[in-house]
Amino acid sequence: MIRGELPEDAAAVDDVIGRAFAGEPEVVALERALAHRPDSTGYVALLDGRLVGHVRITRGWLDAEPRLVEVLVLSPLSVAPEAQRRGIGRALVARAVAEAERAGAPAIFLEGDPAYYGKLGWRPAAELGVTAPSARIPPAACQVVRLAGWEPWMQGALVYPETFWALDCVGLRGDRLARARAGFAEPRSGASAPGPEAS
C-alpha cells in the first residue's frame, strides 16, 4: 500500500532512508529538511503494515528563455534493503509521477541511475533541451518524465530548490563522483552521477 507521508512516519522514514543510503547521512538530513517545505510532499510504502519505502517530490524550476517554469523534482527515493527487488521502488516512482501529473506539473525530474529509471520510462533530460543543475551530474543521470503540460519551448537549465544546495545534495563529489563518472564512461569534464535516490 502506498499513501501520503504523515508526521508520525518521520522516524520510520529516517530508518528506511538511513539503511538504503548507508554511509550517506546527508540524505536523511535532506529528507528532514524537505519535509518542512510547504512545496514538498512525501509518500510511503507499507508492506504487512510496516513502512518499507519512501519517495518525495518537491517543487523546482526550469529556467526557460521566456520565463521560469515550475516543475517537480523526485528525491529521495528509498526502499529498505530487505524489501528491495519486489517492485516497491517502481510503485513509489509511479505514484510520484501520477501525483506530478495531477498537480499539473509539465515534467518531473531526478538524478539517478539510468539503468534503473530508464526501465520505468524516464529519459535523459537533455533530449528535451534541459541541462542539469550541476556539472557534477552526468547528462545520462539527469532524467525526466514529460507530462501533459509540457511544451516545446520549455528548454533550459533545471533549478533545484535551495534545500538541496544548502545540504550539498546535488550531484556527487570525490571518490563517489569519480566512480560514477567511470560507470557512465563519461569524460572527467563531463559531469557527476546519480544523486540521492536508492531503490
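Q: Where does Val 170 lie in this model?
A: Val 170 sits in the loop that links helix H5 (162–166) to helix H6 (174–184). Helices here (H or I, at least four residues) and strands (E, at least two) are DSSP runs, numbered from the N terminus. This is a predicted model, where local features need pLDDT of at least 70, side-chain atom pairs count only at pLDDT 80 or more, and totals for chains, interfaces and linings use all residues. Residues are numbered from 1 along each chain as its sequence is written, and side-chain values use heavy atoms, with hydrogens and water left out.

Q: Why is Val 170 called buried?
A: Its relative accessible area is 1%. Buried means under 20%, exposed over 50% and partly exposed in between (1.4 Å probe, protein chains only), so Val 170 counts as buried.

Q: Which residues does Val 170 touch, not counting residues up to four places away in sequence?
A: With contact taken as heavy atoms within 4.5 Å, Val 170 touches Glu 111, Pro 133, Ser 134, Arg 136, Ile 137, Tyr 160, Phe 164 and Trp 165.

Q: How many aromatic pairs does a search of the whole structure find?
A: Three. Rings of Phe, Tyr and Trp (its six-membered ring) pair if their centres lie within 6.5 Å; planes under 30 degrees apart count as stacked, over 60 as edge-to-face and the rest as tilted.

Q: What makes Tyr 117 and Trp 122 an edge-to-face pair?
A: Their rings are 6.2 Å apart, centre to centre, with 75 degrees between the planes. Tyr 117 is buried at 2% relative accessible area, and Trp 122 is buried too, at 1%.

Q: Why is the pair of Tyr 160 and Phe 164 called tilted?
A: The ring centres are 4.9 Å apart and the planes stand at 50 degrees, so the pair is tilted. Tyr 160 has a relative accessible area of 4% and is therefore buried; Phe 164, at 1%, is buried as well.

Q: What makes a set of residues a nonpolar core, and which residues have the most contacts inside the largest one?
A: A nonpolar core is a set of buried Ala, Val, Leu, Ile, Met, Phe, Trp, Tyr and Cys residues joined through side-chain atoms within 4.5 Å. The largest has 34 residues, and Leu 74, Ile 108 and Trp 122 have the most contacts inside it. Helix H3 gives the most to this core, with six residues. Apart from it lies another core, of 24 residues, with Val 170 among them.
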